[in-house]
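Let's take a friendly walk through a protein model together. Have a look at the picture first, and then we will go through some of its parts.

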Amino acid sequence: MKLILKQTTLLIGAMVALYGVALALSLLLVPQAQIGQRLDAGLATQSLYMTEPKYVFLARGQLNSTSDKVVLVGASNMQAGFRQAQVQAQLPQVEVHNLSVGGSNITQVGQIVDLVREIQSPEARRHNTFVIGLWYGLFADDKTRWYTDDRHAGDTDIDIERYRYGFYRRTAHGPAPVLPPEHLGWGVTLIHPYLVLDRTARDLTRSLRSHLAAKPKVITDEQRNAAVLNEADKRKYLAFWRKSMGSAQTLSDAPFLVLEHTVERILADGGRVVLVDMPIPVWHAQGAVLQADYAHRVHPLLDRLQTRPGVTVVPAFDSTDDDFSDEVHPKPRVTNLWAQRLASAVAAGPVPPAAQSASMN
Amino acid sequence: MAFTSLTFIAFITAVVLLTSAMPSPRGRSGVLFVANLVFIGSYVTSVEQVAPLAAFLLLCFVLIEVVRRSRSSAMLVFGLAVAVCTFIVLKKFSFLGDALILPFPYLIVGLSYILFRVLHLMIDAQQGELDRPVAPLQFFNYTCNFLAFNAGPIQRYQDHDANSRQPLLLDEEKVYRAFARVVKGFVKVGVVSAIFNYLFENMSARLLDPAAQPALPVLGAMMVAAAVFYTVYLYANFAGYMDIVIGVGWLIGQDVPENFNRPFLARNFLDFWSRWHMTLSDWFKTYLFNPLLKTLATRITSPKSAPYLAVIAFFVTFLIMGVWHGTTTVFVVYGLLMGAGASINKLWQVAITQRVGKKRYKAIGEKPLAIGLARGMTLAYFALALSCLWLDMPQLSDLVQRLGAFGLLACYGGLSLAAGIAFLAWDAVTNLYQPMRRDVTSVSNGVITRNLGLALQILLVLTVASFFHKAPEFVYRAF
C-alpha cells in the first residue's frame, strides 16, 4: 500500500505543479475575461466564454450588487429583439443585462433566473427586474427539447455548463453544487487555463469544423434588414418548428407551471417580473399548429399573473411581417423601437412590494 | 459504472487499496468478490434485474460440473446447447420475436463474454483440462471479473486460477508502470476516442441527412471519412479500455491478457485479426476454427482440396464471429463481410503461392510499397465493413444504392491508396524519430520527469473532457 500511496502522491504533486505553472502562464498571457460592466450574452462569441450558456454561467458573478438591474431572459428572439445597448440607452437609471440564450425553453429560462439568484445576496435580489420573453417556442416540452443524442438525457445547455468544469455534480435529483456559488469568481480564475485552451483550440479548428457540421451562417445586420422570405422559406421554417416542438398538436401544462413557479420565486425575493408576449410574423402565427393553443393558454395565465404586485405584462407589439428577418427574429432596423416600447413598460411598471416596504422603513 | 466516470476511478482506487491491504490469495479473492458484486450492482436498481444473470451463471456452473464429472461428449453437446440457447433468449435476438422475451427489464451487459468463458470451461472440463472442480467463488470471480466483465478480454480459466493463487508482489517500478498504463488508457479513451467520436458523429450525421443530396464523389468521400473516424474511435476506445484494465490488474495481482498488438501494422485481413481483439480471435480459433478444420479434414481427404478446407473454415468462423456482434440483420451482413474477407484472403494466399511459389510470394510481400498497399487495403476493408456496426439495415441499403458498385469500389480503392500512403509516410517519420527516442527515454526515466509526463497526460484528458461535455461511451459494452 505504501508504494501505491507514494506513487499517487508523486502524481498528484506533479499535477498540482504543472497546473500551477499553466495557471500562472495563462493569466499572464491572456488576462481574465473583460466582459464590461453590463452582461450581454450576445457578445459571448467575442469573449473567452465563446457560447451564450457558458457566458451566462461563468459571467453572472458580477450581478451580486444592490444596484437596480433589468435582466432580460428568453430565447434568441429576446437576444435579437432587445439589444442590451439599445435597452440600456432607454433605461440609463438601471443596469441592463441580457442573459437570453438561443434555443432556450422555459425550463432553461427558469434555470438562468435561478443561476442569477443563487449568487446574489437577499438584498441584491430585491433589485432584480427579470424581463421574460414569451412565445410558443419557449414552451417546448423538456422531453422534446433536451432528450437528444448529443447530451446526457435531459441536460439543458445550462446543465452542460454546470457540469463541464465540475462546478456541479450530477445527482439523482439534478445538478448539485460542488463549488459554493459565492466562490464562483475563484472557480472562474482556477479554470482560466482551460478557458484559454478551449478558445484557442476552437479558433484554430474553426475552418475544419465548418466542414464537419452544418453551422448557421453569420448574417450581418444589413443582410437581416434586407431579408425577404419567399413561400419556400416560410414552409421550411414552419416545418422546422413543427419538428422542434415534437410534432405535437397541443402544448403540455408543465412548461406553463414552470413559468408560474419562476415568477413566484422572483416575487418571493422581492423582485419584479416583466412578461413580454413576443410578436412573431403573421404568416408564422397562422401557419404554426401550436400558436392557437399557446394563445389560448397564455392569455388567461398572463391575466392572472398581472394582478400580482410586481408583475407587468407587455402584450405583443404591433408589427408587420416585414419587421422580421426570418420566422421569429426582428430586423435590426426595428429593434430600437422595440427597446423604447419595452423601456416604457418597465419604467411604468409597479414598484415591487419589497422595494415599497424598504422605502417605507 | 462508466469507465470514464469519477465513480469508476473512486471504485478502482478502493479496490486497489483494499487488495494491497489484503495481499494474500484468500484476501484478494475476497476483495475481488466484493468488487465484482459492487460493479455488477452499479448497473441495476433491483434484484429482479440481476436475477436472469444469476440464474444463467448457476445453470452454467451446474452444467460445467456435470460435464467435468461425466467427461461425456453427449453431455458436453447438451451443456453447450443449453448454455447457447439460454444466452440467445436472454440476449433477445431479433429472430426470436416476442415469444420468449422475459417480461421485465434486466441486465444483459457482460453476457456475451460470460458465455465465452463458460463454453471454454465446459469444453476444457470434458477434455480433462480441469484438474479439480471449479469452486463457486472462483467461478464467480472468473466469469464476472469486473476487469473483464463488460468486454473481455477472454482469459483462460487456468491462467486466472494460477494468477489468483500467487501472492501480490509489487515494487516501485511495477506500480509506476501500472499507473502509466492506466493513464495511457484514459488518454486513448478520453482524448483520441473522444476526438474521433466527435468527428464521426458530425460526419455520419451529414452522411445520413435525408435532406442532403451530395454528388457521388462527395458522398463517397463522406462515407470513407465516417468509416475511418469510426474505426479509429473504436480502436482507441477499446484499446484504451484494455490499457486501463491491464494496468489496474497489475496493481491487484491479475495478469489480464493483452487484446491488441498494433493492428494497423497488419498486412492482411487474417493478420489483422491476430492483432485485433486477440483473445476473441484465439477463442474462436481454439473452439471453432480448429475443430471445424479437423472435422473437414477427416471427411474430405483429397489432397487437392486440402488447402481450400481452411478457406471454408475461415468463412464459417468469421461469419459466426461477425454475427456475434449483434442481434439484428445488419450483423449478419457484417458476419458475411468478415467471412468473405477471411476466405478471400486465404484463397489469395493459396492461389498466389501456387502460382509464384512460397519464396517469391514472401519476397514480394517484403517490398515497402507492397507492405504499404497491403496495410492500406486491410484497413480499408475492415473500416468499410465496420459500417455495419453504426448503420442500421435501411441506412446501409440506402447508402449502397446511392453509391452503387462503382462508388463502393472507388471508396475501397481510394481509401486503400490513401491509407497505404499514410502508413508509408508514418513509417518514414517514425524511422527518423527512432534515434531521438532513445535520448528522450533516458531523460524521461527520472522519477520527477516521468511523473510530470503522466500528470501532463491526465491534464490533457481533463482538457479534452471539458471540450466535449459527454464522455464517449465504452463502445464494446454494446456487443
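Which residues point one way from β3(A), and which point the other way? A:Asn128, A:Phe130, A:Ile132 and A:Leu134 point one way, while A:Thr129, A:Val131 and A:Gly133 point the other way, and all are buried. Here, a residue is buried if 20 or more other C-beta atoms, placed from the backbone, lie within 10 Å of its own.

Before we go on, some ground rules. This is a predicted model, in which local features need pLDDT of at least 70 and side-chain atom pairs count only at pLDDT 80 or more, while totals for chains, interfaces and linings use all residues. Residues are numbered from 1 along each chain as its sequence is written, and chains are lettered from A and ligands numbered from 1 in the order in which they are written.

**A strand and its neighbours**

Helices (H or I, at least four residues) and strands (E, at least two) are DSSP runs, numbered from the N terminus. Two strands pair if DSSP finds at least two bridges between them.

| Partner of β3(A) | Sense | Bridges | Residues facing each other |
|---|---|---|---|
| β1(A), residues 69-73 | parallel | 5 bridges | A:Val73 and A:Ile132 |
| β6(A), residues 272-277 | parallel | 6 bridges | A:Arg272 and A:Thr129 |

**Nonpolar cores**

A nonpolar core is a set of buried Ala, Val, Leu, Ile, Met, Phe, Trp, Tyr and Cys residues joined through C-beta atoms within 7 Å. The largest one has 125 residues, and B:Ala226 and B:Phe229 are among those with the most contacts inside it. Helix α9 of chain B (residues 216-251) brings the largest share of this core, 23 residues. A second, separate core has 72 residues, including A:Leu134 and A:Leu342.

**Where the chains meet**

Two residues are in contact if their C-beta atoms, placed from the backbone, lie within 7 Å. The contact takes 24 residues from chain A and 27 residues from chain B. On the side of chain A that touches chain B, α1 (2-29), α8 (157-164) and α10 (192-204) each supply at least two residues. The most come from α1(A), with 9 residues.

**Domains**

In chain A, domain 1 spans 1-31 and domain 2 spans 66-145 + 222-351; such bounds come from an automatic or database domain assignment. Taken over C-alpha atoms, the centres of these two domains are 46 Å apart.

Conventions:
A residue is buried if 20 or more other C-beta atoms lie within 10 Å of its own, exposed if 12 or fewer, and partly exposed in between; C-beta atoms are placed from the backbone.
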